[in-house]
Amino acid sequence: MNRTTKAPDPLPVREGNGAAIAAPPPAPATTRRRPASQQWAAWAFLAPVTLYLVLFYAYPLYRNVDLSLRDYTVRSFVQGDAPFTGLDNYLTVFDDPTFAPALLHTVVFTVVCLAFQYAIGLALAVFFHQNFRLSATLRALFLVPWLLPLIVSASTWSWMLNSDSGVVNATLHAIGIGPVNWLTSPSWSLASVIIANVWIGVPFNLVVLYSGLQSIPVGLYEAAALDGAGPWRRFWSITFPLLRPVSAITLLLGLVYTLKVFDIIWIMTKGGPADSSTTFATWSYQLGFGNLLPAFGPGAAVGNLLVVAALVFGLVYMRVQRKQELS
């Protein structure tokens, strides 16, 4: 037989003369609510950020998707009466003979730039982590390419790689090597913009990876040295594994930046010659603004492909990061 237990009644409180007085009933539980002033203050702090995201991220992304799904001309772009065409602009992009070379150049440009930027940045971060006398000064000098405006950096590299008067060809001539048409040869144009972009991106990798090295306990290196581990063993067993979270975010940010690089390529080669250095970023601009009769729809479609690629890699990074946190 089931027995139900009942909470004991509160014991009566007796006064000094022995008279019993009933205990006061327990106070009812109340739910604390935030004052209205605090709620309004929270919304006031969120409003600027929300407005900024809507105006400069959500609305442009919506407009870009709308452009890619309609047949926009200059007139309809102004009047807003472009007919809906669905995925026709995307099919036009996929059937364009420029699509395959642009995709290949985008992949090569992104992968090679990321590999060299990360490798050189990591090597410099480990080098400056030794904290020698001029470490801070040299580290500050390495930030100069990152601080310069992109138009200045691209113009400087265009002058340096000029076939006739560039300092690079002058140096090659001094050591007995013939001139190279860095910017005007289909074989060298993509390599030229990769070199310039690597030079610009190395300082970012250096700063982030150096900050990650600062968080590694020095005692781990001292214990490994006592166990007889050499510099390479300490690097592969301590430095590289403990830098994985920082390396992941560095590569992700570098990927997003490199996918949308436009300034360097357009100033140096304009995607040429013969589309030999055309990427999705330059092709999107050329379709939308580089012709007398702009193709707004296909240009927006190419831009959306870049957005999707960056989004996919971002989601992959978040999933891998979550698995690492749970493991």
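This is a short tour of a predicted model, stop by stop, with something to select at each one.

Residues are numbered from 1 along each chain as its sequence is written, and side-chain values use heavy atoms, with hydrogens and water left out. As the model is predicted, local features need pLDDT of at least 70 and side-chain atom pairs count only at pLDDT 80 or more, while totals for chains, interfaces and linings use all residues.

**Stop 1: the largest pocket**

Select Asn64, Ser284, Gly299, Gly303 and Val307. Of the 21 residues lining the largest pocket, these are the closest to its centre. The space in there comes to about 590 Å³. A pocket is an open set of points on a 1 Å grid over the protein atoms alone, where a 1.4 Å probe fits, with protein on both sides within 12 Å along at least five of seven lines; lining residues have an atom within 4 Å of a point. The volume is the space filled by probe spheres set on the points, which are joined across faces, edges and corners.

Now colour the helices α1 (36-68), α12 (244-259), α14 (280-289) and α15 (296-326), as each supplies at least two residues of this lining. Helices here are DSSP runs (H or I, at least four residues), numbered from the N terminus. Which helix gives the largest share of the lining? That's α15, with 7 residues. By class, the lining splits into 15 nonpolar, 5 polar and 1 charged. Ala, Val, Leu, Ile, Met, Phe, Trp, Tyr, Cys and Pro count as nonpolar, Asp, Glu, Lys and Arg as charged, and the others, Gly among them, as polar.

**Stop 2: the second largest pocket**

Next, pick Val126, Gln130, Tyr221, Arg234 and Thr239, which lie nearest the centre of the second largest pocket, lined by 13 residues. About 380 Å³ of space lies here. Both α10 (218-226) and α11 (231-242) supply at least two lining residues, and α11 gives the most, with 5.

**Stop 3: a salt-bridge network**

Go back to helix α1 and select Asp66 and Arg63, which sit 3 residues apart, about one turn of the helix. Their side chains meet in a salt bridge (3.4 Å, N to O). A salt bridge here is a side-chain nitrogen of Lys or Arg within 4 Å of a carboxyl oxygen of Asp or Glu. Shared partners join Arg63, Asp66 and Arg70 into one network.

Is Asp66 buried or exposed? Asp66 counts as buried because its relative accessibility is 12%. Arg63, at 24%, counts as partly exposed, and so does Arg70, at 25%. The cut-offs are under 20% relative accessible area for buried, over 50% for exposed and in between for partly exposed (1.4 Å probe, protein chains only).

**Stop 4: the loop between α13 and α14**

Finally, zoom in on Gly272 and Pro273, joined by a cis peptide bond with omega about -5 degrees. Pro273 is in the loop between α13 (263-268) and α14. Lys270 is in that loop too, and its phi is near 55 degrees, a positive value in a residue other than glycine. Ala274, also in the loop, has a positive phi of about 55 degrees although it is not a glycine. Lys270 is exposed, with a relative accessible area of 52%, and Ala274 is exposed at 72%.
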